[in-house]
Amino acid sequence: MHITVCVSQQKPEPWQQGLQAALPEATVSVWQPGAPAADFAVVWAPPQTFFDEQAGLKAAFNTGAGVDALLKLRIAPTTRIVRLDDAGMSVQMAEFACHAVIRHFRELDGYEADVRAGRWSYRKPRARADYPVGVMGLGVLGERVARALTVFEFPVHGWSRSPKAIDGVRCHAGEAQFDAFLSSCRVLINLLPLTPETENILNRRTLGLLKPGGYVVNLARGGHVVDDDLIALLDEGHLAGATLDVFRTEPLPPEHGFWKHPKITVTPHTSARTLREESIAQIAGKIAALQRGEAVVGEVDRLRGY
Ligand code: NDP
Ligand code: OXD
């Protein structure tokens with residue numbers, strides 16, 4: 001069995017060495033143009049040439065959860081596409097999302113500014129019931145985030161394509177319940193995959209349905225947000241602020257209005273990082289399962305787009 005590694009923006013050698021150690025019977029190599037055909041691939045943002053040359057792959061394992069960029073490439077229909085399934089990301093996403101919500105709810109930025117100015121100040125405590133939080137996408141990451149928020153006793157709503165039942169979370173499903181979901185929330189956390197159906201889903205109309213003083217936390221993909229609509233709603237006061245971890249162009253260009261906007265917190269696509277050791281263990285386990293003819297979780301449905 002031959003496994004090839006093609007991970008741009010990451011060092012390929014530690015992936016190659018880790019996979020080799022986990023699957024000693026396999027030959028694992030770092031891909032170069034013209035390399036021999038492999039059975040399996042481990043990829044992140046590979047060039048189109050990679051899939052043109054490696055048309056006989058049984059499966060390509062993405063070293064991230066989101067496959068929107070991968071699905072833009074021409075990949076042989078016989079190649080299964082498998083995404084990371086948690087692999088240590090959901091706990092990171094839960095801590096990041098809870099931090100963003102609590103920082104806003106407890107007005108910690110305001111306190112920090114006061115302290116820096118030498119002011120000992122108090123603000124009237126906000127009522128938790130006035131800050132219902134909505135989580136868009138109740139998959140591996142969104143469900144963990146929604147559950148984590150219930151621990152802090154926020155009213156939590158969730159929205160997904162298919163109906164869900166999650167303790168302590170008021171679940172809404174499908175387009176028919178989307179507007180009711182948005183109108184129920186003051187804080188909105190996005191954890192949807194980027195697909196043709198979800199592109200630009202956070203726009204003037206949809207964000208306008210949030211309760212006044214809404215707060216947006218985008219942890220999924222920049223293509224979900226219409227940037228100018230978000231800025232306009234912040235400037236008009238309908239939205240109180242936003243924490244943005246993902247952008248249409250990454251790194252976020254220096255001239256982009258998000259950088260200096262007083263109501264926006266920017267983080268550099270870091271809310272849930274790929275953890276190499278956990279990911280290698282997961283991918284190696286799935287390669288072994290596929291070799292035994294078993295099904296694996298995290299296989300992408302190309303038509304659905306995630
Ligand atoms: P999953 O595939 O497990 O979950 C996706 C969820 O979105 C599911 O609940 C799905 O519904 C729902 N969904 C998809 N399409 C629609 C739709 N049209 N309408 C309503 N709901 C929809 O993905 P993950 O939770 O693992 O990851 C989510 C995204 O997070 C990734 O695609 C990626 O873009 C982003 N991400 C960002 C990271 C970062 O560091 N910023 C790190 C990792 C991931 P259903 O359950 O019914 O299928
Ligand atoms: C991912 C990501 O999809 O890092 O895993 O965004």
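Before you click anything, one term: a residue is called buried under 20% relative accessible area, exposed over 50%, and partly exposed in between, with a 1.4 Å probe and protein chains only as cover.

Two housekeeping notes as well. This is a predicted model, where local features need pLDDT of at least 70 and side-chain atom pairs count only at pLDDT 80 or more, while totals for chains, interfaces and linings use all residues. Residues are numbered from 1 along each chain as its sequence is written, chains are lettered from A and ligands numbered from 1 in the order in which they are written, and side-chain values use heavy atoms, leaving out hydrogens and water.

**Stop 1**

Select N200 in the loop between β9 (187–190) and α7 (204–208). Helices (H or I, at least four residues) and strands (E, at least two) are DSSP runs, numbered from the N terminus. N200 is not a glycine, yet its phi is positive, about 60°. With 32% relative accessibility, N200 counts as partly exposed.

Next, go to Q9, in the loop between β1 (2–7) and α1 (12–22). Is Q9 buried or exposed? Its relative accessible area is 73%, so Q9 is exposed.

**Stop 2: a cis peptide**

Now pick E250 and P251: the peptide bond that joins them is cis, with omega about -5°. P251 sits in the loop between β11 (239–244) and β12 (264–266).

**Stop 3: ligand 1**

Select ligand 1 and show the residues around it, meaning those with a heavy atom within 4 Å. There are 30 of them, and R83, S162, K164, L219 and Y306 come nearest. By class, the shell has 15 nonpolar, 9 polar and 6 charged residues. For this tally Ala, Val, Leu, Ile, Met, Phe, Trp, Tyr, Cys and Pro are nonpolar, Asp, Glu, Lys and Arg are charged, and the others, Gly among them, are polar.

Finally, color α3 (89–105), α5 (140–151) and β7 (156–160), the elements that give two or more residues to the shell around ligand 1. Which one gives the most? That is α5, with 3 residues.
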